[in-house]
Structure formats: C-alpha cells, structure tokens
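Colleague: I would like to learn how to read the features of a protein model, taking one feature at a time. Could we go through the structure together?

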Amino acid sequence: MSSFSADDYRFMSLAIELAKRGLYTTHPNPRVGCVLVKDGKVVGEGWHARAGEAHAEVHALNAAGTAAKGATAYVTLEPCCHHGRTPPCSEALIKAGVTKVIAAMQDPHDKVAGKGMLQLQQAGIETAVGLLEAEALRLNPGFIKRMQTGRPYVRCKMAMSLDGRTAMASGESEWITAEAARQDVQHWRAQADCILTGIGTVMQDDPRMNVRLPQVERQPLRVVIDSKLRLAGDRKMLAQVGKTLVFTCETDARLDNAEVVTVAANAGRVDLHVVLEELARRQINEVHLESGATLSGAMLQADLVDELVIYIAPVLMGDAGRGLFHLPGLERMADKIKLDIFEQRQIGRDWRLRARIVSS
C-alpha cells in the first residue's frame, strides 16, 4: 500500500462526505464521491446522485474545467472502465489530463475490479488504492455484498423494551419507542432499496411500509413474505406510491396492485435464500427487514442477516409480552448466537444498538 500524507487523508475524507450526499438516491449504483486537487487546493468536487446520470468523477471534472490538467483525483471507489448507462470514468480522467488517481477501494464489480486502475496506469497516470478503505466500505455494504455473493445486505430493525419485549401479550405495540427513534428508523428505510416484512406483521399492524421524510423522493420497493398468499387488497401498503412485491408458495397467484412471485417452498414456507437471490437479480443492494419475531428469527437462523439495528426503550412490558426473535432449537448455551455490538447511541430517550452476527 502506498504511503499517504495528512493532506491525502483530508481530501479523501472530503470525497467520502460528498459520497454520503447520494445516500438515498443512487440505487442501484454505489455511492461515490470525488475531489480534484491541484497545488494543494480543491479545484473540483462531485458525487454520484442517480443511476443514469454522470458519475462523481465527471461532476468533479466539469467543476474543475481546465484546472483538472495536472490534478490529483481522490475518489472513494475505483473509476469505472466499462460502458454502462454512462461512458467510462477512467477515460474521462485520462482525457482531462489528471496525473494521479487515489481510490479508497477497488470496485468489486467484475467488469471493473482492478481494470480501471490498470487502464489509468497504462495511460501514464500514477495510481494508489486503499486510502480510508474501511470508511469507503461502509458507504456501500449492499452493493459490495451483491457484487461478491449475489445477495443483498440485510439490515434487521427491531424495537424492544428494556426487558426484551416487542409487544404486549395482546399484540399491542404502539408505541414502544419515542418519536425520535421512530424518525431515526425513517432514515434507515430511506437508504434501503427495499423494505421486507412478513404477512403476520401486515395482518397485525397493516403498515404502510414507506419512507416519510420530506427530503426523500424515492420510495423503496415493498416486499412481503406470504407463503399462502393471505394478503388482502385493502391493505395500506398497496395504496402507497411505489411497487409491492409478494413472495408466495402458491401457484398461479394474482393480486391487484402487487407483483406476485411464486418460489419453491422450504419446509412449507417461502425459501428465504431464493427470495434474497431474486432481490439481488433485481439489483436490490440493501434490504431493510422490519418484521415480527417469526420472520426475523428465521432470517437470523438461516444466516441471512448482516446487521441488527435494535432500539431499546426505557420501559418494562412484563414477561407475558412477545419476545424479540423466534429462535427454536436454542436449548444449550453452546447454541447461543453471538453478536458483536459495534455502535451504541442514544436517540432521544431511547438507545440504538447496532450489531453484527458473530456466529449462528
């Protein structure tokens, strides 16, 4: 790995902050930021906003104009070198006359994956990769996982009381957390490509499953796991803007205002592995799982959850209340599922924990 200066870190940090401006809009493309620097000064900056529009490098080059010649480009992801909806960024950088390109990470897309940097090198441009790579990886967990495994990144959101309950014994659950936490959830929904739930949650809560933030225009795909196709046409989600996709085991199934996909059954239920593979085929990068204990537990035990986002409210709901996950078969301490909590933050009066699964 190349040796990077304090200025290199500063300019790449700016590129990463620029990339975050596309957090809710770049689907299915990755979030990318670019900064052009000449004689120690920023001469151009840009970020990718939407698929089909110019990439971050092109926006930065346009902002720099003739000052791009002889500049260093700091970009959060290796410049693309293939023709997609837009021309290759590697060729644009070469044509503009930049002399050095520093990428935070290599592009995992098989059409790029080192080829972009190689093309720059062959044109006589100095290159380096790996500056603030960990921060760049966090920008695009879904895109990276889809490219590497053929499945999207699954983030499971749950809300519980301090004694681990998600609802009263009657099923009443509005509201465990306060307004600040519920508003925070909207941001997780907004950056996801789809919101996934189960038919049990739909029948119990009749959720809208949409994003309610004034600055967000794009609504994620709504996805329902419904083995027996019990979803009724009068549910709130079907009246929302955007598309609803239903996975079922029933054949020749139809439903107004929704697309129904029949998949193979696994022990009488929708095969969750097949669901994620189909979502990846539809270019879904990040899945926001917001469901009850049964589906969340099944996803967890199938090793299909990448991250847990758990809101903990400072309330007690009693041991008769409903638990967080349905996890049959966990009978000994050796069976426990280990977590790595990598973030804990107070949101209003509640707490938000983020964790990765260590073993299951």
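Colleague: Which element gives the largest share of the lining of the second largest pocket?

Modeller: A pocket is an open set of points, on a 1 Å grid over the protein atoms alone, with protein on both sides within 12 Å along at least five of seven lines, whereas a cavity is a set of points where a 1.4 Å probe fits but cannot get out; lining residues have an atom within 4 Å of a point. Here the largest share of the lining, five residues, comes from α5, where helices (H or I, at least four residues) and strands (E, at least two) are DSSP runs numbered from the N terminus. The model is a predicted one, in which local features need pLDDT of at least 70 and side-chain atom pairs count only at pLDDT 80 or more, while totals for chains, interfaces and linings use all residues. Residues are numbered from 1 along each chain as its sequence is written, and side-chain values use heavy atoms, with hydrogens and water left out.

Colleague: How many residues line the second largest pocket, and which lie nearest its centre?

Modeller: There are 29 lining residues, and Arg138, Leu139, Pro141, Gln191 and Arg354 lie nearest the centre. The space in this pocket is about 810 Å³, a volume being the space filled by probe spheres set on the points, which are joined across faces, edges and corners. By class, the lining has twelve nonpolar, three polar and 14 charged residues; Ala, Val, Leu, Ile, Met, Phe, Trp, Tyr, Cys and Pro count as nonpolar, Asp, Glu, Lys and Arg as charged, and the others, Gly among them, as polar.

Colleague: Which residues have the most contacts inside the largest nonpolar core?

Modeller: A nonpolar core is a set of buried Ala, Val, Leu, Ile, Met, Phe, Trp, Tyr and Cys residues joined through side-chain atoms within 4.5 Å, and buried means under 20% relative accessible area, exposed over 50%, and partly exposed in between, with a 1.4 Å probe and protein chains only. The largest core has 37 residues, and Met12, Leu36, Tyr74 and Val101 have the most contacts inside it. Helix α1 provides the largest share of this core, six residues. A second, separate core of 34 residues includes Cys194, Val263, Leu295 and Ile357.

Colleague: Is Asn257 buried or exposed?

Modeller: Asn257 counts as exposed, because its relative accessibility is 59%. Asn257 lies in the loop between β10 and β11 (259–262), and although it is not a glycine, it has a positive phi of about 65°.

Colleague: Which two residues does a cis peptide bond join?

Modeller: The cis peptide bond joins His27 and Pro28, with omega about 0°, and Pro28 is found in the loop between α1 and β1.
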